[in-house]
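Here is a quick walk through a two-chain model for someone meeting it for the first time. Have a look at the sequence and the structure, then read on.

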Amino acid sequence: MDLLEYQAKELFRERGIPTLPSQRIDRPSDLKDLCIPYPVVLKSQVRSGGRGKAGGIKFVANTIDAIAAASSIFNLAIMGEFPQVLLAEAQYDTEQEIYVAVVLDYQLGLPVLLGSAQGGINIEKVVEQMQKVIIDQQFSPFYARRLAIKMGLSGELIVPVSQLIEKMYRLFIAKDLELLEINPLAVSSSGELMALDGKITVNNQAIARHPDLTELAAMNLQISDWRLGRGRWQILNLEGNVAVISNDEGLGLATLDLLYQGKAKPASYLTIEGDDPQVIAENLPLDLDQVTQLQNLDVVLVNIVSTGSVVETIQQVIIKYLQLRRDVTTVISAVDRTERPTASRTVRDRIRSKPTPVPRFPQFVLRLVSPEAVTRPEEENNFPAVWVEDLAEAIAATVNFNKGKK
Amino acid sequence: MKLISTGQVLVQGTSEILTGKHLPQVQACGTDIAAIVIVGQGGSTWAGAQGDVPIFDLVEQATEVMPEIETTLIFNPAYAVLDAALEAIDGGLRRLIVITGGIPPLDIVRLLRKAKATGTTVLGPGSKGILIPNGVLLGIQEPHFFSPGGVAIVSCYSSLAAEVATRLTKAGLGQSVSINLGSDTILGTDFHRCLEFLKDDPQTEAIALLDYGNSGHSNLCLDSKLLGKYLNLGKPLVAYVAGHLLPREKPIPEIGSVIASQFASTVTTTSNAKLKINALKKAKILIADYPHQIPDLIKKAMADKFLTKSVS
């Protein structure tokens with residue numbers, strides 16, 4: 001989970017990492033009550049980097065300009081995200097900008113310190129001078145000093161910067177972070193340090209053990225929420241016409257490989273994790289609702305290889321869902337859904353109303369395998385599913401169904 | 001430390017495991033569950049089919065009266081795993097199979113640091129354990145899908161392993177062992193460790209490696225030289241990278257840091273299926289494009305081996 005800048009800075013403040021006086025702006029009129037002296041910088045609070053270039057960071061010298069700037073920033077989407085909040089910060093006299101970060105390297109399985117004497121928005125310059133220190137033992141402040149010296153910082157900066165890095169590391173460990181980046185860390189002419197920006201990513205597995213972060217997670221709008229929780233749809237291609245449900249990521253990916261091999265066009269896939277029947281019964285219908293909204297969906301291939309109880313639960317949920325949908329769809333198609341313009345309608349209404357298409361319900365190919373024999377229900381009329389035993393057959397059925405439609 | 005031991009086993013967890021299906025299944029497969037550690041239940045027993053199993057509050061209490069215990073299966077809830085594992089190591093156990101998944105990565109970092117310092121082998125987290133068909137079950141894989149034979153399966157995902165095992169059995173190739181590494185973002189044991197063990201295992205005649213493409217890191221290791229050294233074992237080696245045909249995942253804009261991800265393997269890195277396949281190709285390891293190819297590739301490799309043997 002990514003924190004917004006103002007949330008990250010809140011954590012910085014808790015830990016003694018220096019930040020500027022700032023104020024949270026929820027709407028442009030809030031600027032009338034600004035407690036920070038002008039000139040002030042207004043920053044869009046979105047997850048994206050490159051806010052400055054996108055026009056999400058503006059310097060303002062008075063209230064009128066500030067309100068105008070705030071209005072425009074609130075209406076500016078950066079990488080598809082509109083800010084819910086702006087941050088107003090005092091301006092700062094920077095002499096030098098450096099880059100520091102703590103990040104978990106999943107290949108090494110170890111935390112890593114990163115630092116560059118050249119911080120700021122010019123990524124190439126930052127990258128050029130980047131230094132790295134791997135924390136392969138229990139952390140001790142000498143690791144931070146090692147980084148500061150590798151960065152080539154001048155003598156009087158080594159102690160304050162390494163102390164700040166130490167605070168960053170402690171925060172990293174305390175809150176189960178994956179990434180903690182300060183770019184730029186500003187150095188003033190008097191040698192004072194100031195975190196002008198802050199980027200924090202919290203590890204999703206660990207959020208539940210941090211109540212303050214759990215609250216934030218509930219508040220934050222996640223563009224890519226599908227990463228946050230397992231058991232949500234992974235989108236591959238919105239134009240695709242096959243969706244895959246499996247109980248295991250490996251099996252799901254393998255099913256997709258087989259489909260790509262058979263020249264099918266997978267749209268998305270879902271991994272049902274865990275074996276708690278209640279959880280499955282709760283979530284699966286919602287997931288099915290979600291995927292059947294996809295415009296071009298023709299087939300949903302369900303490939304489950306698991307224990308008897310899991311298979312039985314999934315089978316029951318799907319059958320119930322399909323029975324429900326089949327009955328509803330029959331009712332809908334009986335009603336004429338084309339709106340006919342009548343004399344009493346205004347011109348505006350006529351232009352706006354369009355015949356809404358009858359929702360097309362996908363065919364289901366069900367392959368549920370378990371050690372125990374699970375009794376299959378009797379064949380019903382109009383039941384939008386075929387049952388298959390073997391995976392190769394299931395793939396063939398899915399691929400042929402597409403071909404049959406053309 | 002040998003990767004697999006068929007000796008006495010300790011089980012750590014909460015009282016849920018006493019009423020679940022895992023313990024009976026493990027016992028039914030011939031595993032000797034010597035003791036169970038559940039805090040607060042010390043002194044009671046679990047009535048297993050092979051007799052009562054004593055329950056202790058602390059690991060050290062169990063290992064004191066049963067010093068032959070070599071392996072522990074850890075079922076504790078995710079946030080309690082690190083502590084349970086450290087307790088196991090402190091109690092003298094050097095082989096941990098962590099069944100629970102979704103452990104906070106920084107906990108895994110701490111555990112593996114301790115494991116390295118003590119020479120402890122950790123399988124998982126999120127591992128479904130080790131299964132030797134008609135032998136022993138150290139975990140929660142479904143024995144029904146497997147049959148005894150000569151092909152070792154090392155996987156990250158157990159349902160995929162079950163699928164491959166089913167097809168191998170259909171093709172007349174049983175399995176010597178199924179090792180599940182788990183699917184957490186940092187793992188205690190990787191494919192290499194398993195290959196080191198399997199190359200000397202007399203039961204194993206061929207090896208299937210089941211990795212996946214968007215793991216964000218590599219259990220398979222991208223060093224083709226390292227991979228290449230397993231080629232001349234006389235045991236055919238086939239690898240399959242699940243999801244390798246998926247379109248390259250578009251990087252989610254700005255999750256993580258554009259800068260930091262150039263210097264460290266952050267989880268946000270895009271699928272490295274291509275990297276893995278390239279390393280495998282360079283090492284000249286047989287690659288299956290999809291799981292159903294695996295039995296054929298193994299059969300062919302074994303036939304070739306037989307041919308070259310009989311010719312020389």
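## A first tour

In chain B, the loop between strand 8 and strand 9 (136–139) is where you'll find B:Asn134. Everything here comes from a predicted model. B:Asn134 isn't a glycine, yet its phi is positive, about 55°. It has 13 C-beta neighbours inside 10 Å, so it counts as partly exposed. Is A:Lys263 buried or exposed? With 9 C-beta neighbours inside 10 Å, A:Lys263 counts as exposed.

Why point these out? Most residues other than glycine have a negative phi, and most peptide bonds are trans.

| Cis peptide bond | Omega | Where the proline sits |
|---|---|---|
| A:Asn183 to A:Pro184 | about 10° | strand 9 (residues 177–187) of chain A |
| B:Gly124 to B:Pro125 | near 10° | loop between strand 7 and strand 8 (129–132) of chain B |

**Chain B in outline**

Now for chain B as a whole. Its secondary structure comes to ten helices and 14 strands. Of the 312 residues in the chain, 51% are buried. Take the contacts in chain B between residues at least 6 apart in sequence: 71% of them join residues at least 24 apart.

Where the two touch, domain 1 of chain B puts in twelve residues and domain 2 of chain B nine. On the domain 1 side, the elements giving two or more residues are helix 5 and strand 7 (121–123) of chain B. Helix 5 of chain B has the largest share of that side, with five residues. Sorted by class, the domain 1 side has nine nonpolar residues, three polar ones and no charged ones.

Helix 4 (residues 81–90) of chain B is mostly covered, with seven of its ten residues buried. Those are B:Val81, B:Leu82, B:Ala84, B:Ala85, B:Glu87, B:Ala88 and B:Ile89. What covers them includes strand 1 (9–12), helix 3 (59–65), strand 5 (71–74), strand 6 (95–98) and helix 5 of chain B. After helix 4 of chain B comes B:Gly92, with a positive phi near 100°.

Helix 7 (residues 191–198) of chain B has B:Phe191, B:Cys194, B:Leu195, B:Phe197 and B:Leu198 as its buried residues. Looking down the axis of helix 7 of chain B, you'd see these buried residues fall within an arc of 160°, so they line one face of the helix. There's a simple bit of geometry to keep in mind here. An α-helix has 3.6 residues a turn, so residues three or four places apart point the same way. The buried residues of helix 7 of chain B pack against strand 10 (148–155), strand 11 (175–180) and strand 12 of chain B.

**Where the chains meet**

How many residues of chain B are in contact with chain A? The count is 52 residues of chain B, in contact with 53 residues of chain A. On the chain B side, helix 5 (105–118), helix 6 (158–170) and strand 12 (206–212) each supply at least two residues. Helix 6 of chain B gives the largest share of that side, five residues. By class, the chain B side divides into 29 nonpolar, 19 polar and four charged residues.

Helix 6 of chain B also packs with helix 8 (residues 249–261) of chain A: the angle is about 55° and the axes are 5 Å apart. The two helices are therefore oblique to each other. Helix 8 of chain A brings A:Gly250, A:Leu251 and A:Ala254 to the contact, and helix 6 of chain B brings B:Ser159, B:Leu160 and B:Glu163. By class, that contact has three nonpolar, two polar and one charged residues.

**Chain A's domains**

One last stop is chain A, whose domain assignment gives domain 1 (21–90), domain 2 (96–219) and domain 3 (230–332 + 357–405). Taken over C-alpha atoms, the centres of domain 1 of chain A and domain 2 of chain A are separated by 25 Å.

Notes:
Residues are numbered from 1 along each chain as its sequence is written. Chains are lettered from A and ligands numbered from 1 in the order in which they are written. This is a predicted model: local features need pLDDT of at least 70, side-chain atom pairs count only at pLDDT 80 or more; totals for chains, interfaces and linings use all residues. Two residues are in contact if their C-beta atoms, placed from the backbone, lie within 7 Å. Helices (H or I, at least four residues) and strands (E, at least two) are DSSP runs, numbered from the N terminus. Ala, Val, Leu, Ile, Met, Phe, Trp, Tyr, Cys and Pro count as nonpolar, Asp, Glu, Lys and Arg as charged, and the others, Gly among them, as polar. A residue is buried if 20 or more other C-beta atoms lie within 10 Å of its own, exposed if 12 or fewer, and partly exposed in between; C-beta atoms are placed from the backbone. The arc is that of the directions from the helix axis to the C-beta atoms. Domain bounds come from an automatic or database domain assignment. Axes are lines fitted to C-alpha atoms, for helices over the stretch in contact, and angles run from 0 to 180 degrees between N-to-C directions. Angles under 35 degrees count as roughly parallel, over 145 as roughly antiparallel, 65 to 115 as roughly perpendicular and the rest as oblique.
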